[in-house]
Amino acid sequence: MKFMNQISKRHTLDPNKWIDSYADYLFNYAIVRVNNSDIAKDLVQETFFAGLKSAKNFEGKATERTWLVAILKRKVIDYYRKINSVKGKAEVRMNFYEAGENEGSWIEERVPQTWDNDTDKLIENEELKQAIDRCIDHLPEKYAVVFRMKTIQEFETEEICKELNITASNLWVIIHRARTQLRKCMEENWFNA
Amino acid sequence: MITCDEATTICDKGQYGEASFLEKVKLNFHFLLCKICATYGKQNKTMTAVFKIKARSCKKETRQLSMEDKKLLKRKMQEVV
């Protein structure tokens, strides 16, 4: 009887239904991690192709969806590796702190300025959200990914570290650099604009 | 004494409730002596509020692939098969 149960629990694949059943789910999974709908679309497509290719290896232990998510997860990690290794791209990482003798002190022209009427400018509206988006888009891609996962999608630190294969202190340095840059960007384009 | 870079790193970590007790002590001591970082700290709370607004609105939207995208994807999959 036990044996019979196991047999009936085996899952099967039906690629004809993949797009209608899972495309949106996978797309949402991808977009919160890469935050670019074209890249997310590509990753979903690659996932389905990879799924077709390795369908013969499907053992039926997991559900179809879990199996596809596992493939997508690897695609996302590959994507992170790729952006990590892109060197010398036109991304500007701004330094805010001195190096050398005064290491770690504010660079004079980057010192935070006071904001006028900041509470008046905190009202939820489309302009505010667009201003944030534009500032996040100016971050180096790796910072943007980590920042969004932590702050906008509110993932646990541990989960991000595991997915991106970085240490917690690494994560906080990235978050710190991202937030310092975002603060300045919002100062210039929103609070003191 | 920690540097401004270290202080603001702790300050950012604190925005997620993940700074340790010792870190918070060091940070508050630094704030007493450094007006610039104290300003950063105050504004950081505003920034957190801004990001929360953004986070809330992102949670509300579920994104879907368009019918077009799905059709295209189906066609491509058929070519592969």
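This passage describes the interface between chain B and chain A, and then the cysteines of both chains.

The model is predicted: local features need pLDDT of at least 70, side-chain atom pairs count only at pLDDT 80 or more, and totals for chains, interfaces and linings use all residues. Residues are numbered from 1 along each chain as its sequence is written, chains are lettered from A and ligands numbered from 1 in the order in which they are written, and side-chain values use heavy atoms, with hydrogens and water left out.

In the interface, 42 residues of chain B are in contact with 50 residues of chain A (contact means heavy atoms within 4.5 Å). The area buried between the two chains is about 4,400 Å². Buried area is the accessible area (1.4 Å probe) that two parts lose on being put together, summed over both. Carbon and sulfur atoms give 67% of this area. On the chain B side, Y16(B), F51(B) and R63(B) lose the most area to chain A. Together they account for 16% of what that side buries.

Seven salt bridges are counted between chain B and chain A. A salt bridge is a side-chain nitrogen of Lys or Arg within 4 Å of a carboxyl oxygen of Asp or Glu. K59(B) and E154(A) form a salt bridge, at 2.5 Å from N to O. Three helices of chain B, α1 (4-14), α3 (35-60) and α4 (67-80), each supply at least two residues of the side that touches chain A. Helices (H or I, at least four residues) are DSSP runs, numbered from the N terminus. Helix α3(B) gives the most to that side, with 20 residues.

Over all chains, the count is one disulfide, defined as a pair of cysteine sulfur atoms within 2.5 Å. The disulfide joins C135(A) and C185(A), with the sulfur atoms 2.0 Å apart. The link is left-handed, with -85° about the S-S bond. It connects distant parts of the chain. C135(A) lies in helix α5 (residues 126-137) of chain A and C185(A) in helix α8 (residues 168-191) of chain A, 50 residues apart. C135(A) is buried, at 4% relative accessibility. C185(A) is also buried, at 13%. Buried means under 20% relative accessible area (1.4 Å probe, protein chains only).

In chain B, the cysteine sulfur closest to that of C4(B) belongs to C37(B). The distance is 3.7 Å, too far for a bond. C4(B) is buried, with a relative accessible area of 11%. C37(B) is buried at 0% relative accessibility.

Note on methods. Buried < 20%, exposed > 50% of the residue type's maximum accessible area, 1.4 Å probe, protein only.
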